[in-house]
Amino acid sequence: MLVAFRIAILAASCVVPRDRGAWRRAWTSEIRHYDSLLRAHGLKKRYVRIRTWHHFIGAMRDAGRLFSETSVVLQVRAAIRTPTFCLGAIAIGLTAIAAASHGLAITRAMLAPPYPDAGRLVLISEGGALQNQRHAIPPPLLDFWKTHNITLTALAGYRWNSRGTAWVTADFFDVLGVRPGSFLLRRIHEWRPVSSQPDMGNALGVLGRLKTGVAVGAAQTDLRDLAARYWGSRQPSSGEVQVMPLVARIRQPLYAYAGLCAMPTALLLAAAWIGMRADRRRIGHIRRRYWAYFCAKSVSLPLALALAIWEFSRATSFTPAGSVTFVAKPFFIWLVILACAAIVWWCLADQRARCRACLRTLQYPVRIGSLGAVLFDHAGMELMCCEGHGALYVPAVSSDYLQRGGWTSLDAEDIPSEPVHGGRA
């Protein structure tokens, strides 16, 4: 055990800024002496090992403390407290999302589907009006529609598996107008004909292209009538035929999650507007840099969340019939709502803990008073700006009537225009 401690202390001494040899010898001697002292008292080996381990942890903490006091670390810690670091980290996160998603491929596919005349493409399924109740179409019914429909120029069937292999009918690419690398926002690595699929009895998702001037409702009525004729006295179908525009279907996740992620942005921008009005009423001018930083966070963080959902969460994945998968159901939506709430909380907490002049994170927290005596005296915490611009007093309870929380400016230029006490900043 002592040999392992000596090796670890030798490695830890590499981060000690000066007198590394003396530091290493001092801690090695300390641990060896303490180990010998405990053994001389006849203590059990297990107890000696535990107590020696505490001394070793103390050596590691001492090395970390000395390293944290170096000029480089102090400069890094000072840079972390600046607003530039925060916005830079968010920008790096957005860049990483764009790079990992191949240039936001899914988002671009939702905004501008890469198919010729995509507005005439429709998805066809059977089932109820709800999307999670829709089912694929049997191949015989698809062939019947191809022969008798009067509203569609062409129809094609398709299937895929979880490994990115798709089986399509012979005219699938003619209907789609292109041989894409993905379909319905799902990456397809290999296209195969349906005739090569092991199980020919599986139902197919159906893609159709409307004739010029034909509405979706007319095509749905036509296919429903044909389905009723086809089934006749045969086994009944699983539900009415549903026809949905392809573009509208693949854009539904875009609109749904964009709306959810826009809610925290709207709330934070409303808070910024209220804060700017309070600034103008209280000090006669608006802290433009302070509120510009707040608005930048309010827009960029929900944007990063939305892009991460679209590109990586499979919330944009569909079944062949166009139904939603389980990740797009209420449980996942609740997770997104919690993430939005976390963004709102962090933006407000981070903004309040920053200097109103230089936007650096406030330091040197000092507790004032006692929470148990808040009825007769004020209690809270005071934070100071490292540059000496001012101090922020945060009361322990929101109903503190003896001293309200707020920002007190210590800058000579702002003292005449800034109230000494009171007013929430």
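**Packing and salt bridges in a predicted model**

Colleague: Why is E190 called partly exposed?

Modeller: E190 has a relative accessible area of 34%. Buried means under 20% relative accessible area, exposed over 50%, and partly exposed in between (1.4 Å probe, protein chains only). The value for E190 lies in between, so E190 is partly exposed. This is a predicted model, in which local features need pLDDT of at least 70, side-chain atom pairs count only at pLDDT 80 or more, and totals for chains, interfaces and linings use all residues. Side-chain values use heavy atoms, without hydrogens and water, and residues are numbered from 1 along each chain as its sequence is written.

Colleague: What makes the pair of E190 and R192 a salt bridge?

Modeller: The closest N and O atoms of E190 and R192 are 3.0 Å apart. A salt bridge requires a side-chain nitrogen of Lys or Arg within 4 Å of a carboxyl oxygen of Asp or Glu, so the pair qualifies. R192 is also partly exposed, at 33% relative accessible area. The structure holds 10 salt bridges.

Colleague: Are R354 and D350 buried or exposed?

Modeller: R354 has a relative accessible area of 3% and is therefore buried. D350, at 13%, is buried as well. The side chains of R354 and D350 meet in a salt bridge at 3.0 Å, N to O.

Colleague: Why are α7 and α9 called oblique to each other?

Modeller: The axes of helix α7 (residues 139-148) and helix α9 (residues 216-231) come within 10 Å and cross at roughly 120°. The axes are lines fitted to C-alpha atoms, for helices over the stretch in contact, and angles run from 0 to 180 degrees between N-to-C directions. Angles under 35 degrees count as roughly parallel, over 145 as roughly antiparallel, 65 to 115 as roughly perpendicular and the rest as oblique. The angle of roughly 120° belongs to the rest, and α7 and α9 are therefore oblique. The crossing is right-handed, a term for a near helix turned clockwise from the far one by less than a right angle (left-handed if anticlockwise).

Colleague: Which residues of α7 and α9 meet?

Modeller: P140, L141, F144, W145 and H148 of α7 meet L223, L226, A227, R229, Y230 and W231 of α9, where contact means heavy atoms within 4.5 Å. By class, these residues are nine nonpolar, one polar and one charged. Ala, Val, Leu, Ile, Met, Phe, Trp, Tyr, Cys and Pro count as nonpolar, Asp, Glu, Lys and Arg as charged, and the others, Gly among them, as polar.

Colleague: What makes α10 and α12 roughly parallel?

Modeller: Helix α10 (residues 246-283) and helix α12 (residues 330-352) cross at roughly 20°, their axes coming within 10 Å. That angle is under 35 degrees, so α10 and α12 are roughly parallel. Their crossing is right-handed. Y257, L260, C261, P264 and L268 of α10 make the contact with F332, I333, V336, I337, C340, V344, C347 and L348 of α12. This contact has 13 nonpolar, no polar and no charged residues.

Colleague: Why are α11 and α12 described as roughly antiparallel?

Modeller: Helix α11 (residues 288-312) packs against α12 at about 160°, with the axes 11 Å apart. The angle is over 145 degrees, and the two helices are therefore roughly antiparallel. α11 passes α12 in a right-handed crossing. The contact includes Y290, K297 and I309 of α11 and F332, W346 and D350 of α12. Its residues divide into 15 nonpolar, one polar and three charged.

Colleague: How do you know that T151 is buried?

Modeller: T151 has 8% relative accessibility, which is under 20%, and therefore counts as buried. T151 is found in the loop between α7 and β3 (152-160). Leaving aside residues up to four places away in sequence, T151 touches L210, K211, V214, A218, A219 and D222.

Technical notes:
Helix = DSSP H or I, 4+ residues; strand = E, 2+ residues; numbered from the N terminus.
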